[in-house]
2 protein chains.
Amino acid sequence: MRESQTVQQYVIELARAAKAASVPLGRASNAERQKAVRAMADALRAAAPQILAANAEDMRAAEAAGTSEGLLDRLLLTPERIEDMAAGLDRLAELPDPVGRVLEHRTIDCGLDLTRVSVPLGLVAMVYEARPNVTADAAGICVRTGNACILRGGSLALNSCSAIARVLADAVASCGFPREAVAFIETTDRAATAALMGLRGTVDVLIPRGGAGLIERCVREATVPVIETGTGNCHIYVHETADFAQARAIVMNAKTQRVGVCNACESLLVDRAIAASFLPGMLTELDQAGVTVHGDDETRQYADIINFVDATEDDWGREYLSMDISVKVVDGLDEAIAHINRYGTHHSEAIIARDEAACERFLAEVDAAAVYTNASTRFTDGGEFGLGAEIGISTQKLHARGPFAAEALTTYKYEIRGTGQVRP
Amino acid sequence: MRESQTVQQYVIELARAAKAASVPLGRASNAERQKAVRAMADALRAAAPQILAANAEDMRAAEAAGTSEGLLDRLLLTPERIEDMAAGLDRLAELPDPVGRVLEHRTIDCGLDLTRVSVPLGLVAMVYEARPNVTADAAGICVRTGNACILRGGSLALNSCSAIARVLADAVASCGFPREAVAFIETTDRAATAALMGLRGTVDVLIPRGGAGLIERCVREATVPVIETGTGNCHIYVHETADFAQARAIVMNAKTQRVGVCNACESLLVDRAIAASFLPGMLTELDQAGVTVHGDDETRQYADIINFVDATEDDWGREYLSMDISVKVVDGLDEAIAHINRYGTHHSEAIIARDEAACERFLAEVDAAAVYTNASTRFTDGGEFGLGAEIGISTQKLHARGPFAAEALTTYKYEIRGTGQVRP
């Protein structure tokens, strides 16, 4: 950023240069893009010392500011973590090419030859928090798919992300592409995000990766198209026909295997018919694992446990991302589906039941990206679904839903070849 | 709308009821949805007298308000136009069902059975202007695809649209679906549109159909997902290798065959190498047809015509929708592509050239929904492309690009069937 520039001018200039750089990237062959991504991997390995030095600066500042251990761990880079990033880029190079697929080819009535072909989106913006590795993942998947990118990392990670982005831009340049194709916003000024969100016509899509606050801000303020990701208030509904042992195992897995992730279970619904037989054991197991139960009045009757608090209306909509779970007794399948469709975030929802008709109704009527029968919600993940490098998990319905990968960074175009046709 | 309600409360209540109604519609079979759409067609025919009476009221008010003839013609309903609407609904019933398509089915690594299946979006909002027939088109395509809809028509057409919507809602109810599935906002208060645009979590997509102002407002203000439609600043680029007669025929067709449509040509780019030989004849033909040429300095040299005005920077970005065209002399393919990508609206763009390499570069590098070689831009249309009932022409890149039809009113969902799987 030059001294005389405002933050807004700086972001506009970066974005325009990145958009221009998207043209040569977009017309590059698969082999050329693969080569660029491999060069990015090699460059990261070669530049590990500088990147670690930049990261050490961020770590010092973050520690001095009293940053939590969890955040410090996300921020930390090690030689192994840099190698992981590089290896991730090498794997990206091997991904099947999502660009240039012929989606349709036919002659239309007027005799025109019509081909619908997949093409890169153009300029992809990503806004994320204090994980330096996202810089490499994001830039890599964009270059792989023929898109330029403009990245905005968390303030805490500014030095690390900026060092990584420079190395990657140089690598792209060494393959004959404009280095502007990997643009990183080198300021912690919040006005930069605002500027980025307003660049309609330049930014083709904005993908926020981070907490609910960041995503909410993007959805509210952006005039550029946004793919909403991540928030998961996932439910497990235990139907009266459930196998209790299976239900308990699935709830414990979905709640406690990893708590800070969007596909973890945040809410348990139990049929009234089995509340007295199922809940005491279930609640005790949750309690013993250190999970706090936020239960309704009926649940409290069965909660002879230490970690119990009365649920408020607010609890039904919460994504705890911690060792907490809301528990509610429901009056059967209809109430369970209605409750989930009202309070859920359309991410991942599960029913545990032996009754097939109940399972099929749940699958059909619950409005979510991934709906499970008799399995843990924790499987909603690009890797588990076999999609390759996951960009995020979309909780909206347009363009991409659920785990999404490289293909979501393409759109299509109609190429129409004529011989002088005019419309009668 | 009840008297004690604010406009916002009224819209929220309508939308929530419509969303709830989307559940039974979404789980209905293809045959049930076909039946409902046919019942809507029959109901329109039966209610023609009431609809015409409501329309007569709108026409009287519009005439009294000094409405332009063009608008009055759009607003007018006749027995034939009502029959056209009904016939359109009957055709919709025949469309292949876009819901319930199995897009993927496989067993993933952990042994889960995964099916990706197309499902309705849920609640579709459409905002449009003074064409009463859009009410029937929009409601029909939504019911056909298992979606509920909430519609907001232009103020001038309030009585007509409202009469049509009531008839359609009754028809839907006669087939056992909630009548709330076809919701129409019965007020001309602008606050209603604002309320609709903010119903995130209830409205699954908002599709504005109308002028640039309406679309711009939706993109800027909506927090619900929007599919941007319509604006077309379409270019025809005449390459130095063009067949002049073909080029002239295509330009005249694209500019004058119908001027008020988004796929009409608004701007002509001509290679400098052929400017002196091509432009005089072309400009004379445009002039004789009554087209005003907004030309750059070089064009003026060849413009021995009556209808010439000097182009300003503003002209390059304009969608005239009238007998006007901007004309610019360019320095070859690179400048033409750069100009189009800068000033175009990513709708429809054409090159006229005999040189195949030039054609292929133009197809690859112009960033638009439909890119043509040697044909008129006027073909960009759902009907011409063979898509069936067109909803609009998307000028954005996510979800749907170019002409889009019923399929764009679906999303997908992962249905995952397990036998107790938990994530290791």
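Predicted model: local features only at pLDDT ≥ 70, side-chain atom pairs only at ≥ 80, totals over all residues.
Residues are numbered from 1 along each chain as its sequence is written, and chains are lettered from A in the order in which they are written. Local features need pLDDT of at least 70 and side-chain atom pairs count only at pLDDT 80 or more, whereas totals for chains, interfaces and linings use all residues, and side-chain values use heavy atoms, with hydrogens and water left out.

The contact (heavy atoms within 4.5 Å) draws 69 residues from chain A and 69 residues from chain B. About 6,100 Å² is buried between the two chains, 49% of it on carbon and sulfur atoms, where buried area is the accessible area (1.4 Å probe) that two parts lose on being put together, summed over both.

Between chain A and chain B there are 12 salt bridges (a side-chain nitrogen of Lys or Arg within 4 Å of a carboxyl oxygen of Asp or Glu), and one salt bridge links A:E365 to B:R27, with the closest N and O atoms 2.9 Å apart. Elements of chain A that each supply at least two residues of the side touching chain B include helix 1 (7–27), helix 14 (356–365) and strand 16 (410–421), helices (H or I, at least four residues) and strands (E, at least two) being DSSP runs numbered from the N terminus. Strand 16 of chain A contributes the largest share of that side, 11 residues.

Strand 16 of chain A also runs parallel to strand 13 (residues 370–375) of chain B, to which 5 bridges join it; strands pair if DSSP finds at least two bridges between them. A:I416 stands opposite B:Y372 in strand 13 of chain B.
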